[in-house]
Amino acid sequence: MTACAIEPSADPGNGGGPRAGCSITAEGAYAARLARSGEGGDSWFPERWTLDGPEPYAVPLPGNQPEEPGTEVQPMGDGRVLVHRVAAGRHVFALLYPTGPGTGELPLGAVECPADATGLRLLPPAPGGERAYALAAGPRSTVLWQVAGGAFGPERVAEVPGRCSGGVWLDRTGRILAVDRETGGRTKAVVVDLERGGEVSPLLQIAPDSDDRLLLADPDSGLVLIRSDAPSPGRDRLGWGVLGSTLPVRFPECLRLPDCVVTPFAVQPGQVLTPERCAVALRVDGAFGSWVGVWRPADRQVRHLPAPEGWLAGAGLWTPDGELRLPCSTPRSPCGVARLAAPDVPGAGGEPSEGPGGSADPEKPEDSAPEGAAPDGPGGPGEPGATDTSAAAPAPAQPRPVPLQQAPLARLVTK
């Protein structure tokens, strides 16, 4: 068998944007990364960071031999670190944990990819931190594997027609997963229900001939960040929408930064009824390096902040009260967290605030999906987004996201 390739510099999980400097659990308690060691810094070892204590601290987890630069690491909810290695044409998984002065290793098994497979990579940490998943993409279908948390090693969970990338959790139970599926030359975000045998349903279809990818989602507010070429065919733009709403996807002009790659990496949680007030952290990569952007849907400007020294670029999390925490590592402070306060929400009621070039024009609407790209969705009972007031209706099933092309909440989103 030939091994599926691992690309160390780009992450298919964020639409092909740059790979983050570390991985953080969904609850924010732990992080993991590959760190350099040796005199020349030319060897690699896994490192676990604890983030939920009074002060962050790191625990090195070196194995019997250095890791390859493309090795993936992911923190688990109990403090162990999942490691994904490629050896002899197989994808090998193990859990690492500290044992006094050494490192303990629990082998989990291996996955072999077919010769025509294009890659196998870990999905972002699942809510709860007990399980971990990976996608193995082939030319015609993609296999979803549970690689940690099962009873008998890696388990095949589902096979999804088409070539899938991305990976965003839409709930806090680890049941509903969104992936970007390429079929017929177009990429659309779809939902995979892990409790229904991998049942697939549409999520994001802005226009028939557009490529629509989901980058980030907040389960509390339903705010989602997307990348699509629907408003500018052939050119990707960042947009936002709300799950369960039929407000069309918006593409703010302020998120278009010429000659820069903009990647959202964290959304402020806890804003259950006010998705437009959620602070969003952006990684901005330009000719002069990487820095941090902060933006809210209620605002019409991006606040640009210098990256703290040693930032593990693209990694970070928000607290519910609006503090952005960015993991950093420098020779002077190998394990640290920079804390940045989110800029105040623009005037009362979320009115646009004055931007760098003057006051915003309240009469100029944000760019939205093309006219007719949000057709009416199913309206009958039992369909996504429908309301059934019948007393005889059965108990509702697990809530499922409403496809964003079925956008009728209109202006009822809180302003």
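These are my notebook entries on a predicted model.

**Ground rules.** I number residues from 1 along each chain as its sequence is written, and I keep to side-chain values that use heavy atoms, with hydrogens and water left out. Since the model is predicted, local features need a pLDDT of at least 70 and side-chain atom pairs count only at pLDDT 80 or more, while totals for chains, interfaces and linings use all residues.

**Confidence.** I looked up pLDDT, the predictor's confidence in each residue from 0 to 100, and found that the chain averages 81, with 77% of the residues scoring at least 70. Confidence is highest in strand S1 (residues 23-24), at 98, and lowest in helix H1 (residues 347-350), at a mean of 39; I take helices (H or I, at least four residues) and strands (E, at least two) as DSSP runs numbered from the N terminus. Over residues 347-365 the pLDDT is below 50, and this stretch has 25 contacts beyond near neighbours in sequence, a contact meaning heavy atoms within 4.5 Å. I noted that residues 370-399 also stay under 50, with 27 contacts beyond four places in sequence.

**Cores.** Next I looked up the nonpolar cores, which are sets of buried Ala, Val, Leu, Ile, Met, Phe, Trp, Tyr and Cys residues joined through side-chain atoms within 4.5 Å; buried means under 20% relative accessible area, exposed over 50% and partly exposed in between, with a 1.4 Å probe and protein chains only. The largest core has 18 residues, and Leu 225, Leu 282 and Trp 295 have the most contacts inside it. Strands S17 (212-217), S18 (223-228), S19 (237-242), S21 (261-267) and S22 (280-286) each supply at least two residues of this core. Another core, of 17 residues, lies apart from the largest one and has Ala 189, Leu 214, Ala 230 and Leu 243 among its members.

**One buried leucine.** I then turned to Leu 203, which lies in strand S16 (residues 199-204) and is buried, with a relative accessible area of 1%. Leu 203 and Ala 178 are 25 residues apart in sequence and 7.9 Å apart in space, C-alpha to C-alpha.

**An open sheet.** Last, I traced an open sheet of 4 strands in the order S9-S10-S11-S12, with antiparallel pairing, where two strands pair if DSSP finds at least two bridges between them. Strand S9 (119-122) and strand S12 (155-161) stand at the edges with a single partner strand each, so one side of each is left without a neighbour in the sheet. Strand S11 (residues 141-148) pairs with S12 in the antiparallel sense over 6 bridges, and the bridge partner of Leu 144 in S12 is Ala 158.
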